[in-house]
Amino acid sequence: MASRFDTVSFLSDYGLQDEFVGVVTSVIRGIASHVTVVDVTHGVPPHDIRAGGLALARAAQYLAPGVVLAVVDPGVGTDRRAVAVEVGDREAVFVGPDNGVLASAVAMVGGARAAVELTDPAFHLPAPGPTFAGRDVFAPVAAHLCNGAALADLGEPVDPGQLLPGVLPVSRMEAGKLVAEVLWVDRYGNVQLNVGPDEIEPFGEPLALELATGVRSASRADAYGAIAPGALGLVVDSYGLVSIAADRRSAAAELELGPGDAVILAPAEGGDGTSAPPGGHRGHSSPVSLRSRPPGRP
Amino acid sequence: MASRFDTVSFLSDYGLQDEFVGVVTSVIRGIASHVTVVDVTHGVPPHDIRAGGLALARAAQYLAPGVVLAVVDPGVGTDRRAVAVEVGDREAVFVGPDNGVLASAVAMVGGARAAVELTDPAFHLPAPGPTFAGRDVFAPVAAHLCNGAALADLGEPVDPGQLLPGVLPVSRMEAGKLVAEVLWVDRYGNVQLNVGPDEIEPFGEPLALELATGVRSASRADAYGAIAPGALGLVVDSYGLVSIAADRRSAAAELELGPGDAVILAPAEGGDGTSAPPGGHRGHSSPVSLRSRPPGRP
Amino acid sequence: MASRFDTVSFLSDYGLQDEFVGVVTSVIRGIASHVTVVDVTHGVPPHDIRAGGLALARAAQYLAPGVVLAVVDPGVGTDRRAVAVEVGDREAVFVGPDNGVLASAVAMVGGARAAVELTDPAFHLPAPGPTFAGRDVFAPVAAHLCNGAALADLGEPVDPGQLLPGVLPVSRMEAGKLVAEVLWVDRYGNVQLNVGPDEIEPFGEPLALELATGVRSASRADAYGAIAPGALGLVVDSYGLVSIAADRRSAAAELELGPGDAVILAPAEGGDGTSAPPGGHRGHSSPVSLRSRPPGRP
């Protein structure tokens, strides 16, 4: 067969402490020795399909043409389907479990055009046990796709409309406030919200952040380094979303925020209520107004 | 010289926090620019020869033809030997310290056919100090092997029978119970035992696990996701060994088990004593019977 | 354009938990598909320019010809300059922020011969926000350099003498004692000092280490494994510097030492005051003389 792809972009929750990633990479290259495996990340928290799906979606438009292998697979060995999905916009085939981890990324690059369930064992390795599908199913399938195997050869066709969707939280207005959710906390402690810059434009400057741990004030900033010492800033991040940040400190640690936590954004009491001034902004320090946790919140 | 190998599979206890892995990789590619370095894992606990040897053995049969470089080397700079070992079954040369870390993997792929001590400094880098043999000895030797250097050129021959063996614990029956040991705890908290599924077949369903922290009950399960919430399961893992697992929880954390710990498997009191029923199994929850730690155990 | 380089050596403080490294790698290979990205390390502590600069300097002489990409960039999005720097001794272009992270490594390989600020957006990606210059500026510039782009095409020339220098602490003699500083603590807990072996030669054997936590005794050793159980050794490490070490224990954890901490080396009270004997040395155990922390020290 003619070689079709020369890159496998590989994301998982395998971590790097064990040899899982090395073994999957070795299996791929043992079958398709011309392939380069690019590790997108293997630091997805164990079993965290949502976090894996969001990381893959953030990366999707930057990945090289080829196979995108995503393995966050708590249901390995059960009747969850293993699938390969061809997408609309580019030369790429997504391979992984049909549990939602692929969904947002597939949507980002044009949606699923065709899909199969990976039912033909001729493309798998013999396995002493069912727990390492990355090695025994997904890696050899990815390699065979790189070698030119047709999607239809890998197994039974699946209606793309029947693939499990990802679930992305949507922010909403309530009583003049924007009820948002933390999508992602990165290594630096930046807190990405499911909020675009347009949504907070009416709130003026600074904004109030209502959190389980209290109310904080934050001002828009053009860069992390433009946030004043001790202050919080709202920065439009590299994905075009609003993130809560601090300069060389972890906003997430300071605010005790993690993925899935609620953040309510509102005009600050005593704020000017007007739009932010044009040009560069600088965050500023503000006293922390600690209040007791609202009843019924963790 | 004609190129012989194009892959170095590299395992170490270097971690990824420092630049050790990057420097070794750069040295290899500086000498043999056609080589791809596949990182098996660098997450072996510092100085842990047993853990490194087990990880290499689990990976061995999946590694690409080429050089297998394994550096877990607490004795670096002492008179422990640095060796290269050709194996029986496949096109591979194992390179590393002769301290046992290579032994189980070499045995897995057919045993040592020939070996040399890496005594010829012409294949090493000049070194300001003796502490980084990965960079100064093993990496250049691996690269020269890929470039076609003969094993015999690298140094003095060593009788393969004189290489330091690995030590694998063997389970044993005592008074109708199987005394086993934890080989490995993976990122997910699955606890691999030195026990094959045949060995526990006579014990019926469920089994009792006698641990330093108490006695727990566990049932066989075909997949992690088939273990009931709160229960423990015994799963035949991807290496064909019995592992103690839980569904989306860390069995190791819950049971306070780590590599080398003892686990005694026995028929459960009140268990049926018969073989497990055919077909799918589901684990089930059981009360935890905590007892005081036996005297003399940590 | 003719391909110029086929390797990008990549160091950052991105960590491996998020997909930053994978995305940068994908962008590079999307523009220059012939390039291999070698990860030097991504474990530099967040925002730690000094640690990143030291790691890059330790690695510099071993890196393959090509682009050296170093991103530790707390000032991303501010007016800190993004630069590319050609060096004197070898075929290499360093790319990163002009904040000192490149300086020591550039000096190690011959110094800057020419430099430009990366002002031409034709070599960058369009960016939704300014916070991920690794993806949007540095990665595409590195790839275009590999593809043969000339340094002068990337932006405005910068006087190499105007690049921000790195700051390396220098040890000094005070009242017959050597006042040194910890440069680096590696994964094993070895404590590298800014001290060469010549500087401690007059102190005889053993030496006293005056630390914030007390005074300890240490003897020279040729290898970690030559340090006696419970003792501390002074080992000339793989960079030719003196490091405080222990055999299979973390000296740093035991002594509560981290980068930047002060260490005073002196002849031991009751030491012989003569030069060390020739041949192999062995460290020896010594009682720990704990004293209260000196006033004014942390």
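Two residue pairs are in polar contact between domain 1 of chain A and domain 2 of chain A, both at pLDDT 80 or more. A polar contact is a pair of N or O atoms within 3.5 Å; within protein, one must be able to donate a hydrogen and the other to accept it, and residues adjacent in sequence count only if both atoms are side-chain atoms. The model is predicted, with local features needing pLDDT of at least 70, side-chain atom pairs counting only at pLDDT 80 or more, and totals for chains, interfaces and linings using all residues. Side-chain values use heavy atoms, without hydrogens and water, residues are numbered from 1 along each chain as its sequence is written, and chains are lettered from A in the order in which they are written.

Domain 1 of chain A spans 7–162 and domain 2 spans 168–286; such bounds come from an automatic or database domain assignment. The centres of the two domains, taken over C-alpha atoms, are 35 Å apart. Four residues of domain 1 of chain A contact ten residues of domain 2 of chain A (heavy atoms within 4.5 Å).

About 570 Å² is buried between the two domains, and carbon and sulfur atoms give 55% of this area. Buried area is the accessible area (1.4 Å probe) that two parts lose on being put together, summed over both. A:Arg50, A:Leu54 and A:Arg58 supply 87% of what domain 1 of chain A buries against domain 2 of chain A.

One salt bridge crosses the interface (a side-chain nitrogen of Lys or Arg within 4 Å of a carboxyl oxygen of Asp or Glu). A:Arg50 and A:Glu181 meet through their side chains in a salt bridge, at 2.7 Å from N to O.
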